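Dear colleague,

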Amino acid sequence: MNERGQRRPDRPQRSRPAPRKAGPRRPPEIDPARQVAFDVLRAVREKDAYANLVLPQLLRERRIGGRDAALATELTYGASRAQGLLDAVIGACADRPVEKTDPVVLDALRLGVYQLLRTRIPEHAAVGSTVDLVRAEAGSWATGFANAILRAVSAKEEAQWLDELVPDEATDPIGAYALRTAHPRWVARSFAEALGDKGAELKAALEADDERPEVHLVARPGEISADELAAITGGDVAPYSPYGVRLPAGAGDPADAEPIRERLAAVQDEGSQLCAIAASEAPLEGSDHRWLDLCAGPGGKAALLGALAKIHGARVDAVEKAPHRARLVENATIGLPVTVHVADGRESELEPGYDRILVDAPCSGLGALRRRPEARWRRKPSDVADLTKLQGELLLAALDLLRPGGVVTYVVCSPHLAETEGVVGETARRTKSEVLDARGLFPEVPQLGEGPYVQLWPHRHGTDAMFCAVLRKP
């Protein structure tokens with residue numbers, strides 16, 4: 001009826017749409033850069049992979065370049081390097097310990113928190129992209145938790161979080177500097193012991209170790225000069241190594257440079273170059289034509305040593321225990337007077353009588369944490385004891401293979417006193433070997449201390465924290 005009491009004309013009834021069947025929700029599309037960064041973090045955690053090896057491979061496979069590649073690199077290395085700090089902030093915002101958080105969710109949260117604290121990415125983009133990543137990788141059940149954590153983190157800037165979480169610098173300087181520079185406490189303590197300092201220099205060392213490093217190149221001696229390599233690559237001639245070139249951080253993939261493709265140059269830290277050069281120039285008595293690299297993989301120092309041996313009319317035997325690493329040494333030394341042997345350096349069965357030997361021993365790698373950002377969280381204090389035992393055995397084996405009057409150069413990429421002065425001092429005492437003052441083999445390099453050993457540092461020299469000692473067999 002209408003308002004006048006008249007019947008309304010019939011109208012066709014609108015058909016209601018049939019209810020949609022519930023189906024799986026389409027997962028959000030994750031931008032390529034964040035997906036790559038997440039996949040690298042997951043590979044590091046699940047497979048003990050190395051970020052600096054996995055990341056370039058994924059970028060190539062997925063054909064990611066330009067700004068996306070730059071973002072993926074920043075997020076991967078940044079989140080890996082700052083993991084301890086990120087976990088401390090996440091733990092302060094969560095209702096559960098970080099170690100009880102689902103690992104996949106934690107990987108994504110680390111990326112999100114890094115974006116919030118250490119990049120200029122807008123808050124909404126960092127939060128939204130991370131929640132989408134959690135939904136895609138872990139499922140919708142975790143999105144509320146992730147969103148709550150990220151919102152809480154975003155309420156403060158990094159400096160405010162540090163002020164809240166860092167212990168008092170006056171009473172616990174090592175703990176304070178460790179958290180502020182995202183280092184495990186035991187690593188910061190080992191730096192302090194090597195430096196003999198818990199104050200300004202320790203702080204400078206840890207800060208330098210937390211920065212993104214320059215890329216260092218080495219020009220192959222006899223093939224191309226450092227000046228020529230610098231001109232081709234747009235880098236600067238290195239301050240200390242006669243064969244070194246430094247490229248600024250973020251300069252792109254150095255493997256694309258023509259000199260590297262043509263084997264005229266390679267990527268190698270300037271500190272490593274200086275140690276290999278020292279091994280070739282350490283003073284000895286008598287002949288100088290049989291050289292040995294007792295721990296040669298992956299081949300960087302073996303290649304430089306081989307090029308120097310070629311100039312000096314010497315030959316190099318290179319020993320590597322792992323077959324796949326031995327192949328890397330062979331590839332790195334093509335065209336050089338280097339013979340590769342697959343053997344354990346402690347039992348190489350090579351004929352004794354070498355004039356000079358390089359022992360670039362396996363070590364904790366604490367001196368190259370800025371280049372291997374995940375390594376600082378992978379290593380444990382208990383690792384050092386096993387490593388020092390191996391290092392001592394390798395050094396003893398080298399001295400057995402050395403002729404009287406010859407020299408062994410012992411090198412590790414670590415400032416840990418047990419791996420450096422501890423190993424060398426004990427071996428020299430047992431074998432009555434003469435420890436030479438290595439400082440003279442590093443001309444123009446400042447701040448080398450009182451000797452006889454050389455310890456390089458990122459904050460002093462811009463190199464990895466390489467240690468070098470030279471022993472002469474009586």
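**Overall picture**

Of the 474 residues of the protein chain, 53% count as buried, where buried means under 20% relative accessible area, exposed over 50% and partly exposed in between, with a 1.4 Å probe and protein chains only. This is a predicted model, in which local features need pLDDT of at least 70 and side-chain atom pairs count only at pLDDT 80 or more, whereas totals for chains, interfaces and linings use all residues. Residues are numbered from 1 along each chain as its sequence is written, and side-chain values use heavy atoms, with hydrogens and water left out.

The chain has 20 helices and 12 strands, these being DSSP runs numbered from the N terminus (H or I and at least four residues for helices, E and at least two for strands). Its C-alpha trace spans about 125 × 55 × 40 Å along the principal axes. If contact is taken to mean heavy atoms within 4.5 Å, then residues 24 or more positions apart account for 71% of the contacts with a separation of 6 or more.

**Nonpolar cores**

A nonpolar core is here a set of buried Ala, Val, Leu, Ile, Met, Phe, Trp, Tyr and Cys residues joined through side-chain atoms within 4.5 Å. The largest such core holds 69 residues, of which Leu294, Ile357, Val359, Tyr410 and Phe442 touch the most other members. Apart from neighbours within four places in sequence, Leu294 is in contact with Val319, Gly345, Ile357, Leu358, Val359, Leu394, Ala398 and Leu401. A second, separate core has 40 residues, Val98, Val104, Leu109 and Val127 among them.

Ala361 lies in the loop between β8 (354-360) and α17 (375-378), and it counts as buried because its relative accessibility is 5%. Not counting residues up to four places away in sequence, Ala361 touches Cys295, Gln391, Leu394, Tyr410, Val411 and Val412. With Tyr410 it is 49 residues apart along the chain, yet the two C-alpha atoms are separated by 7.3 Å.

**Packing around helix α4**

Helix α4 (residues 83-93) packs with helix α5 (residues 103-118) at an angle of about 95°, their axes being 10 Å apart; axes are lines fitted to C-alpha atoms, for helices over the stretch in contact, and angles run from 0 to 180 degrees between N-to-C directions. The two helices are therefore roughly perpendicular to each other, on a scale where angles under 35 degrees count as roughly parallel, over 145 as roughly antiparallel, 65 to 115 as roughly perpendicular and the rest as oblique. On the α4 side the contact involves Gln83, Leu85, Leu86, Asp87, Val89 and Ile90, which meet Leu106, Leu109, Arg110, Val113, Tyr114, Leu117 and Arg118 in α5. By class, the residues of this contact between α4 and α5 are nine nonpolar, one polar and three charged, with Ala, Val, Leu, Ile, Met, Phe, Trp, Tyr, Cys and Pro counted as nonpolar, Asp, Glu, Lys and Arg as charged, and the others, Gly among them, as polar.

The axes of α4 and helix α7 (residues 143-154) come within 9 Å and cross at roughly 105°, so this pair too is roughly perpendicular. Here Val89, Ile90 and Cys93 in α4 meet Ile149, Ala152 and Val153 in α7, and the contact of α4 with α7 has six nonpolar, no polar and no charged residues.

**Strands**

Two strands are said to pair if DSSP finds at least two bridges between them. An open sheet is formed by four strands in the order β2-β3-β1-β4, with antiparallel pairing. Because β2 (236-237) and β4 (265-267) stand at the edges with a single partner strand each, one side of each is left without a neighbour in the sheet. Helix α12 (residues 226-233) packs on this sheet, touching β1 (215-219), β2, β3 and β4, and its direction makes about 20° with that of β3.

Strand β12 (residues 467-472) is mostly covered, six of its six residues being buried: Phe467, Ala469 and Leu471 lie on one side, and Cys468, Val470 and Arg472 on the other. Strand β9 (residues 402-412) pairs with β12 in the antiparallel sense over six bridges, and Val411 has Cys468 as its bridge partner in β12. Strand β10 (residues 434-436) is joined to β12 by three bridges, again antiparallel, with Leu436 partnered by Val470.

With best regards
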